[in-house]
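Hi,

Here is the structure I promised to pass on. My notes follow below it, and I hope they are handy.

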Amino acid sequence: MTSFVHTSVSVEDCALLLDRLRERAPLVQAITNGVVTNFTANVLLALGAAPAMVDIPVESGAFAAIADGLLVNLGTPHEEQRRAMREAAEVARASGVPWVLDPVAVGFLPVRTSLAADLLSFEPTIIRGNASEILALAGVGAGGRGVDASDGVEAASETASQLALRTGAVVAVSGPVDHLTDGRRRVRVGTGTPLLTRVTGGGCALGAVMAAFASLTDDALLAATAATTAYTIAAQTAAASSSGPGSFAVAFLDALSTLTATDVRELGAVS
Amino acid sequence: MTSFVHTSVSVEDCALLLDRLRERAPLVQAITNGVVTNFTANVLLALGAAPAMVDIPVESGAFAAIADGLLVNLGTPHEEQRRAMREAAEVARASGVPWVLDPVAVGFLPVRTSLAADLLSFEPTIIRGNASEILALAGVGAGGRGVDASDGVEAASETASQLALRTGAVVAVSGPVDHLTDGRRRVRVGTGTPLLTRVTGGGCALGAVMAAFASLTDDALLAATAATTAYTIAAQTAAASSSGPGSFAVAFLDALSTLTATDVRELGAVS
Amino acid sequence: MTSFVHTSVSVEDCALLLDRLRERAPLVQAITNGVVTNFTANVLLALGAAPAMVDIPVESGAFAAIADGLLVNLGTPHEEQRRAMREAAEVARASGVPWVLDPVAVGFLPVRTSLAADLLSFEPTIIRGNASEILALAGVGAGGRGVDASDGVEAASETASQLALRTGAVVAVSGPVDHLTDGRRRVRVGTGTPLLTRVTGGGCALGAVMAAFASLTDDALLAATAATTAYTIAAQTAAASSSGPGSFAVAFLDALSTLTATDVRELGAVS
């Protein structure tokens with residue numbers, strides 16, 4: 001068993017990091033799936049970051065060298081995009097640009113599962129996924145529908161820690177409560193709303209937000225926690241004034257744009 | 001002339017099928033055009049189905065074997081996606097997974113017109129399009145702008161029936177009144193709103209909803225009718241509280257998420 | 001220095017052109033980036049034009065011959081799309097179909113920079129971009145983040161005029177105040193809202209609207225001005241009732257659908 005320090009990330013640090021994001025407006029390169037590119041860009045813009053969806057070979061590496069952070073999301077990994085992902089991840093590692101791997105639906109689907117294994121060699125700063133994906137990436141699950149989401153997060157917690165130690169990445173497992181770990185420290189984020197699972201990209205866009213926050217600090221666990229906290233507080237605020245997933249998505253973008261460090265201090269639930 | 005049984009699909013059956021959809025949350029694979037992937041996924045999520053946009057070769061066939069239903073929409077048929085479509089449709093037929101073909105803009109445009117002809121050999125469960133597309137697919141029209149939408153539906157009705165008998169598919173022709181047929185029975189659905197034509201994907205997402213419903217019953221005409229009824233009732237409910245196409249699209253997702261079997265019973269207009 | 005006629009485009013002409021757009025519902029082919037296809041199609045539909053995202057080789061040229069206007073936007077120029085862009089632009093020139101080039105992020109990124117140079121040989125009717133992009137396309141800037149947006153528009157104004165004279169295109173530089181020129185006449189459009197920069201596609205969709213307006217008149221500077229005026233008036237109207245970028249995007253589509261020639265006459269700020 002891993003021995004955890006529980007927890008060394010404070011809500012106050014998350015709040016300060018949100019202010020820093022607004023000052024710096026980090027440039028986030030997102031190589032992501034075609035279903036959620038629009039939503040992901042709008043989430044970054046609403047929060048105060050600058051999105052750039054540069055996802056073709058030759059250009060993706062050039063851009064990764066000047067980006068503040070990079071997201072690689074495997075949701076619809078077309079052949080040209082796969083080459084762009086490898087190129088960008090390699091440059092990001094070489095250039096010291098923090099990058100986030102979101103291994104969407106790895107396990108059962110062979111192309112992305114093989115790709116995810118390759119991408120691990122470029123040492124992602126943060127790995128973000130649901131319990132099934134983290135288990136599959138760690139080689140202990142088949143991915144897909146086999147794991148119930150809420151039980152899954154607890155079940156995946158120990159696996160996440162081992163994956164973190166093996167890869168050097170912070171591993172973030174999303175669920176009703178989000179579990180994040182760097183293999184030594186463990187954080188739980190309790191804010192959020194089930195409506196995030198009723199809007200496509202609710203998880204994927206969080207990966208891009210993590211890439212934005214990862215550009216602001218060398219502590220990747222703090223970055224992932226601050227990203228998750230800001231994101232889920234805006235979401236639960238939006239949920240309170242929504243009539244369904246349509247109005248929720250709209251209110252969520254509004255809430256991201258008006259979210260303050262004070263909101264994070266008052267509503268943050270990091271343990 | 002075909003002799004029609006008019007009609008053997010009841011509103012009550014449509015209402016019961018909506019309840020079944022909510023219980024089963026069918027997994028719908030959507031290989032669809034890049035313009036509407038986000039909206040299509042959000043429509044499925046709002047209604048209570050589970051979308052998966054798996055659209056690359058090797059993976060699309062593997063996924064089709066485990067999906068509950070499949071949509072193949074020809075709106076932006078890039079080369080890699082065309083291969084994924086053929087692969088998924090072939091597996092769907094072999095595995096008994098119901099699938100919907102949406103032959104967007106066939107007729108004038110050569111690549112998709114040839115592709116649609118090929119895909120017919122994999123025996124779609126439902127073919128969904130506007131009058132021009134159905135006429136073009138049946139080989140009696142040029143597609144595109146040549147057919148007025150409202151006259152077109154009536155004009156396409158007899159052609160739809162012949163196409164249904166020839167292919168074994170249910171054919172659904174969308175318009176101010178939707179016409180659906182399996183070649184023997186004929187159904188008209190009178191609910192809806194012109195605002196569906198002012199939001200991109202208003203027709204395309206219906207194809208994905210048909211794939212969800214087709215997983216719930218062996219009667220594909222009932223499935224297509226129930227899908228159209230649920231979809232258009234939610235749309236006309238949303239239209240009543242909208243100020244234009246922007247607010248309509250938002251209200252539509254909300255209305256899909258709160259739509260009940262009772263709404264279907266009270267508002268259904270199937271004849 | 002170029003000597004400018006300042007200005008020969010009237011708000012009244014812009015208003016009349018909006019009425020003409022509603023009567024004709026021009027068919028606009030948009031070959032654009034994957035991040036904004038949905039928003040672009042919805043903007044065109046809301047305004048009263050007919051979008052068609054035909055962006056694969058063989059089909060893109062066939063469609064360009066029958067389209068009323070064409071947009072080529074370089075935001076995510078995948079290999080297949082690049083071929084479709086060249087094909088469509090060549091056919092548009094040969095067929096006398098007006099077309100708009102949006103050289104997104106040219107300068108630093110090599111693939112699109114080379115592509116943009118090639119596309120200039122097909123003589124776009126309008127070139128639309130921000131100051132950095134116009135400077136980079138003209139060969140006097142590196143593009144990207146190097147130019148501040150507000151100073152940039154003024155700085156790019158003389159360069160825009162030279163680019164217009166060299167290419168024969170109207171050049172539109174977006175910013176807090178939009179600058180448009182055909183090399184002889186110069187127009188400034190003062191309407192708008194900063195919220196357009198907080199929604200992805202806020203600039204890209206304007207390119208599609210320019211393609212729609214360019215189909216209505218031989219005066220491309222009038223077309224670009226009328227498009228910018230209609231677009232930014234709807235945007236500032238929407239901004240007045242918005243709580244952030246999410247609700248703004250929704251209200252913007254509603255405002256485009258209800259915008260009238262009278263609104264243009266009363267609110268237009270063309271100088």
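Two strands are taken to pair if DSSP finds at least two bridges between them; helices (H or I, at least four residues) and strands (E, at least two) are DSSP runs, numbered from the N terminus. This is a predicted model: local features need pLDDT of at least 70, side-chain atom pairs count only at pLDDT 80 or more, and totals for chains, interfaces and linings use all residues. Residues are numbered from 1 along each chain as its sequence is written, with chains lettered from A and ligands numbered from 1 in the order in which they are written.

In chain C, eight strands make an open sheet with mixed pairing, in the order β2-β1-β3-β4-β5-β6-β7-β8. Its edges are β2 (50–52) and β8 (186–189) of chain C, each pairing on one side only. Within the sheet, β4 (residues 99–102) and β5 (residues 126–130) of chain C run parallel, joined by two bridges; V100(C) has I126(C) as its bridge partner in β5(C).

Now the chains together. Chain B can be laid on chain C with an RMSD of 0.0 Å by a turn of 120° and a shift of 0.0 Å along the axis (superposed by least squares on the C-alpha atoms of residues with pLDDT of at least 70 in both). That is the relation of a three-fold axis. In chain B, the C-alpha nearest the axis belongs to G34(B), at 3.9 Å.

Between these chains, 21 residues of chain B are in contact with 24 residues of chain C (C-beta atoms, placed from the backbone, within 7 Å). On the chain B side, α10(B) gives the most, with four residues.

Best wishes

Conventions
Two residues are in contact if their C-beta atoms, placed from the backbone, lie within 7 Å.
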